[in-house]
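Hi everyone, thanks for making the time. I'd like to walk you through one structure this morning, so please have a look at it with me.

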Amino acid sequence: MASNNKSIVVGAVAEIDLKGEQIPLLLMISSDNKVFLVIGSRRFEFSQLSEGFKASYKNLKGDAFNISELLGELIPSIVNELPGNLKVNLEQVIIAYQKQDSTKSSNKPGQSKDNSTLLLSTRLGFDINLAELPLIGDKIPTEIDFKLKSFQLTYVSQALNKASVQPFADDLNLNIAHITNDEQIVLTSGLNLCAELQVGSETQLLSLPLSRPQKKTPSKSQQQPSQNPKSPVPSDSKIAPNKSTSLSTNFGSEQIELWLELNKAIGAIAFQKIGVQYRPKESELWFFLNASLSIAGLTLACNNLGVGSSLSEFKPKFRLDGISIHYSGSNAVEIGGAFLRKIRTREDGINYEEYSGAAIIGTKIKDKKITLTAIGSYTEIDGEASLFIFALLDYPLGGPPIFFVTGLAAGFGYNRTLKVPETVEAVADFPLVRLAMGEKPSKSSEKAGEPDLLSILNDLGPYIPPARDEMFFAVGVKFTSFKTVEAFVLLIIKLGKKFEIHILGLATLTAPPMIEGVSDDIEPVAEARLAIRAVFIPDDGILKVEAVLAEGSYIFSRKCHLSGGFAFYTWFSGEHEGDFVLTLGGYHPDFKIPDHYPRVPPVQLSWRVNEYLFIKGSAYFALTPSALMVGGGLEASYQKANVQACFKIEANFLVAWQPFFYTADISVEIRASAKIKFIFEKTISLNIRASLSIWGPPFAGRAQFEIGPISIEIAFGDGSYPKPKALSWSEFQKSLLPAPEKVCSISISEGLIKKLGEGKQEIWIVNAKELVIVTESAIPSLCVEIADIKQDSISDISHPNTEIGIRPMGVKAQEFEATYKISVFRENTLVNQEFKYEPIYKNVPSAIWKASTGSLPYLPPEPNEEKLMKRKLCGFEIQPGAKDTPEETPKIAYEKLLSDCFNGSQYYWSQIYTPKSSENKDVISKNDVSSKAIMKLEQALEHKINDKRRQNLLNSLNFNCQQKDITISKSFAEELLGDPSLISLF
């Protein structure tokens, strides 16, 4: 192409390899040997061409342009990863590409196997002086620099660590001297917003990834979920003592943010953390500070005190999301308040604005401190109010020593749900429990040193989100027991889609109890922290009770650690109806745990007595419908110089309770060795092992002894496999069945209006339309006998399972018969045919109702057999039969109603005779038919037997005839059946 000065420009297309993708580049070469890279309408002049290249673009027009569009034109495949509205006003853009020698590449962490790196960088050209922030800025000493500087946007094709970023150091102008680890990632792959935080003489690099993450299968280390994605963890910094990274990102249309923990004090101001946030929709960049100012007992704290500006034009603006004031005086006077505005995200992805407040008041009354803390929150959901209130009173209210109340708590939520812990281990970290126990609502806020009230409001929000048509109530009590146990129990009732009852508790036992000023120098002999969780959800048909010893529990010495768990589950409906399990520390080693059974940590003791002696032990107990299991072990080991010794004992028991039967395996092992040097070195060792298998009753078993190579086996008792005696029917009935009158039961589940008592009998007044009678039997049945019923009156009954028997009695399937008979009478008349019958199936314990097998009359249940026998006939629902449907008026074709020939002579009106008032009533009544009815009614009223019947009828309706006069005179008959009163209208 020729120009006016007759210079010649030659165009060419080149390609670079980037992650296996060939990227075409449009080049222009001028006659004065200048080479340009053309991207859209902008030309980048090359300043370096060797193993790679470097090109720069100077924005002489000074206009704002979209960096994402520029990158998209250069590398089309990354368009979807970039924020869409990144329009900035830039002076210069640098593009650098470096092709590394593959023979020298080490592919260390932070480096891709692809050796080429493409970089695009531009400086934003402004700094932010954080000392100019309102409220706290003027309290920062003027000699200390506290600012954000060196803002730039940087794109890299692959993640760069400190070592790999060095070739681009001149182009990036980043201060990375504070990073001591060469393998630490400095820039993540994609587009990054970089800045430097300067606090005095210390500098920290902030790098906020702006590219959306590509969908990749996360590694195991990346699959650990964050408990609260809105609560970041600290970042690698000299400023913060913590060395973990704090990155919280949201790559939707709302925001991308990063937080860095500072935990640094400058004068009277304590800085907890700093955050940087980019909002793609507004193309705005924001920086936030969480800080507090303390002067003479008064603390002023700010939450998200921020400064932000549009990237296209630097116009700073300020924002404050929350503020709290707290005063603590010398006379134990404490008062504080906080207000927080927060943008939160619902589970459906919709953002909402929430306003929260908290207040705390504390003082002393008769040398006893009283503290009242109240928190609340308000927002709107679908146009309706959503709020919650929670209050906590901390004051010794009194009571007996076993239950001395030291505090109360209460809460309420409307259009709110309360996310309770899903595991018992999480109870200790539940914000409301931590708050009641005098701790901060979350470990993250405690770690960051945030002010109390603001941390309460910040941490509670995600646990109590808005939820339409949901409500909850919470009541708690804090108490001590003999000053040895300090506990808090919280009852939560949730109403809405499901009715739920939750109980959360945390108890700390200290023995002997610590009394201030008396036992300060005494270390407790034992200390245990127990977390408790109970859940009752009727719709799910399950009751759960769980407990676990928290970390830090010990006995005898702080080195003697205790751990373990407890669980009780029972199912009263659903697939596992009738099943239950109670376990402390786990199950028998050979027990195959069903999927729906809880897993609990074993009860364990671990004690490093000294550098030579170590002791550990464990124990378990479990009860299921089929078996009882108990066992444990103890082990001690000693090693010093050339001497070693240890012993180990284990025991596992399996017990059947009716008839009583047990089997157990016990083993004891002792080992010792010593090295002796006498002329030459010799190791002397001794191994002794003893095992015992016992069963009974009657007591019998086998014992085996091993001393070195010698083995001895001894049998005692019967010596053969146990033959427990089967129960008789009377023994079985007394032990495993309800009382005789309760073996079969009858009740009304629907339609009951009232119960009336008459001696030992009950009279049920029912609504026949809604009536449902339930009959149940504690004994599963094989057959049904209901006489004189229609075929369609009873639902299909499953074929009886031949497995049913009576295991404790040794009854086999062919010996077991159980028939369910139903008879319904009305005044001694069988009316079975007027009802319909729906069978009730239940799961029954295999240990009781599974048929006995084998040659022995009774065998105990195996640990791994099915605990329940599924779907056994145990009752019926009885309802009135289907009512006859009323006849419907036949349909008439409308054509027949269009015209109708009406003959008036076919229809006539009859005239009703009404007596006139002037006529003789006596004459009319003698000729009237009703006179006979009046005479009969008068005679009945005079009859004493009828008076008695009327009185009994009224008594059955709960009408007290003794207090009220029920006498009926003869005149009542004439008034009831006599001539009607006539009213003249004209």
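Predicted model: local features only at pLDDT ≥ 70, side-chain atom pairs only at ≥ 80, totals over all residues.

The chain has 986 residues, and 39% of them are buried. Along it we find twelve helices and 53 strands. If you take the contacts with a separation of 6 or more, 54% come from residues 24 or more positions apart.

Now to the inside. The largest nonpolar core holds 67 residues, and the members that touch the most others are L130, L197 and F271. Let's take L130: leaving out anything up to four places away in sequence, its contacts are I140, F146, K147, L148, L197, I274, L289 and V307. Apart from that core there is another one, with 36 residues, including A301, F390, A436 and A531.

And here is my tryptophan, W286, which sits in strand β19, spanning residues 284-295. Is W286 buried or exposed? Its relative accessible area is 4%, and the cut-off for buried is under 20%, so W286 counts as buried. What surrounds it? Beyond four places in sequence, W286 touches G275, V276, Q277, R279, G306, V307, G308, K317, F318 and R319. For G275, eleven residues away along the chain, the C-alpha to C-alpha separation from W286 is 8.2 Å. There is a polar side of the story too: the side chains of W286 and E284 are joined by a polar contact of 3.0 Å.

Key:
Residues numbered from 1 in each chain as written. Heavy atoms only, no water. Core = buried A, V, L, I, M, F, W, Y, C linked by side-chain atoms within 4.5 Å. Buried < 20%, exposed > 50% of the residue type's maximum accessible area, 1.4 Å probe, protein only. Contact = heavy atoms within 4.5 Å. Helix = DSSP H or I, 4+ residues; strand = E, 2+ residues; numbered from the N terminus. Polar contact = N/O pair within 3.5 Å; in protein donor to acceptor, adjacent residues only side chain to side chain.
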